[in-house]
Amino acid sequence: MRFVISALFLLVLFSHAAAYDPLDPNGNVTIKWDIVSWTPDGYVAVVTINNFQMYRHIMSPGWTVGWTWAKKEVIWSMVGAQTTEQGDCSKFKGNVPHCCKKTPTVVDLLPGVPYNQQFTNCCKGGVLPAWGQDPQAAVSAFQVSVGLAGTSNKTVKLPKNFTLLGPGPGYTCGPAKVVPSTTFLTPDRRRKTQALMTWNVTCTYSQFLARKNPSCCVSFSSFYNETITPCPSCACGCQNKKSCVKSDSKILKMVGVNTPRKDNAPLLQCTHHMCPVRVHWHVKLNYKEYWRVKVSITNFNYRMNYTLWSLVIQHPNLNNVTQVFSFDYKPIVPYESINDTGMFYGMKYYNDLLMEAGPFGNVQSEVLLKKDEDTFTFKQGWAFPRKVYFNGDECMLPPPDTYPFLPNSAHQDLFSILTLIAAMLFSLLTAW
């Protein structure tokens, strides 16, 4: 009985903690419904999807939103998005709804659709940048006309069981909640209007729900030690070991081998870690008042280009970043008293695209940091990151006892031991 109670307690505790990110405690995706007008049998609503996550974006093939209607509602029409299935609309004569499914699934339209199908902030293929990278672009919206629904605030029933794929699993959505109506400004900004009714749905991300294994790993090296600390073996699981290919394989010359599949199945280069992405941190130079680090990101997936990639690193000296040479940089300060985390991301139109595996499948930059005499040291792995995230997922770090160490530390330890033995021998000899 005690075991059952303990297991249930841990399950509840884990389920609540799984979606909490200590580096981005307020990060979420909010889906907002604004009813802007009533129709004879329902309403017209503007649905807005805001990505409030600091460093986790929704990459191609984009977001997918679903829900369950509370009554027998249908979607008469949509602008800026579409449902993936129409469903059974055979009972309708004349005008046929856009979707009659009890559980519709909605996706964004692709760029370049005709203007009469477009809506404000639509048609990005479902791609949403992270709030920390581009807050103005971290929003998507569409308009939906709902029929067979209520025609007043009292008769409208809120949809249930919201789901969000971004583009894969990992997001958990809470129930829809009625909130104060959204206000809008007219184009001349002299008149304010408001929605007839507004409700919000909040979705949070959990890496544990998204995948069983990490999706990236970290390796270390330094100028003061010839040893390179590699990624741990099978850091991302070795389930793709049988289907991986060597970098010189003839398969890579086949036409269409780099085309992504519908199930997003990777084609990984054969490595001991079997990770799609590796982040390498190299302690490059040591100056009197500064020290320099080189950060490299390598893609080992032949079927994936990472657009709008982001790299988050936690290190105590990131509170004194002097210059970042080839990446954009932004400090992340979720707690005012702690400033040890920063986000690196590609410069627009320069290296914001991490290409598929191959000669161009890497991006790199150097970081210059100012020393704090009270805390700076190269001993005991201090110069290496505490945590590393790529595209919002935490990467696996090597074991601490494998980090590159200062060469003279071993000699000092050996010298101390030899000194102790010599002293003991001298004491014994003098005693005789």
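**Cavity, pocket and aromatic pairs**

The largest cavity has a volume of about 40 Å³, where a cavity is a set of points on a 1 Å grid over the protein atoms alone at which a 1.4 Å probe fits but cannot get out, and a volume is the space filled by probe spheres set on the points, joined across faces, edges and corners. The structure is a predicted model, in which local features need pLDDT of at least 70 and side-chain atom pairs count only at pLDDT 80 or more, whereas totals for chains, interfaces and linings use all residues. Residues are numbered from 1 along each chain as its sequence is written, and side-chain values use heavy atoms, with hydrogens and water left out.

The largest pocket (an open set with protein on both sides within 12 Å along at least five of seven lines) holds about 870 Å³ of space. Its lining, made of residues with an atom within 4 Å of a point, comprises 34 residues, of which Arg211, Ser215, Met304, Tyr306 and Asp393 lie nearest the centre.

The structure holds 26 aromatic pairs, defined for rings of Phe, Tyr and Trp (its six-membered ring) with centres within 6.5 Å, and classed as stacked with planes under 30 degrees apart, edge-to-face over 60 and tilted for the rest. The rings of Tyr306 and Phe390 have centres 5.3 Å apart and planes at 80°, so this pair is edge-to-face. Both Tyr306 and Phe390 are buried, that is, under 20% relative accessible area with a 1.4 Å probe and protein chains only. Phe376 and Trp382 also form an edge-to-face pair, at 5.5 Å centre to centre and 80° between the planes.

Technical notes: Buried < 20%, exposed > 50% of the residue type's maximum accessible area, 1.4 Å probe, protein only.
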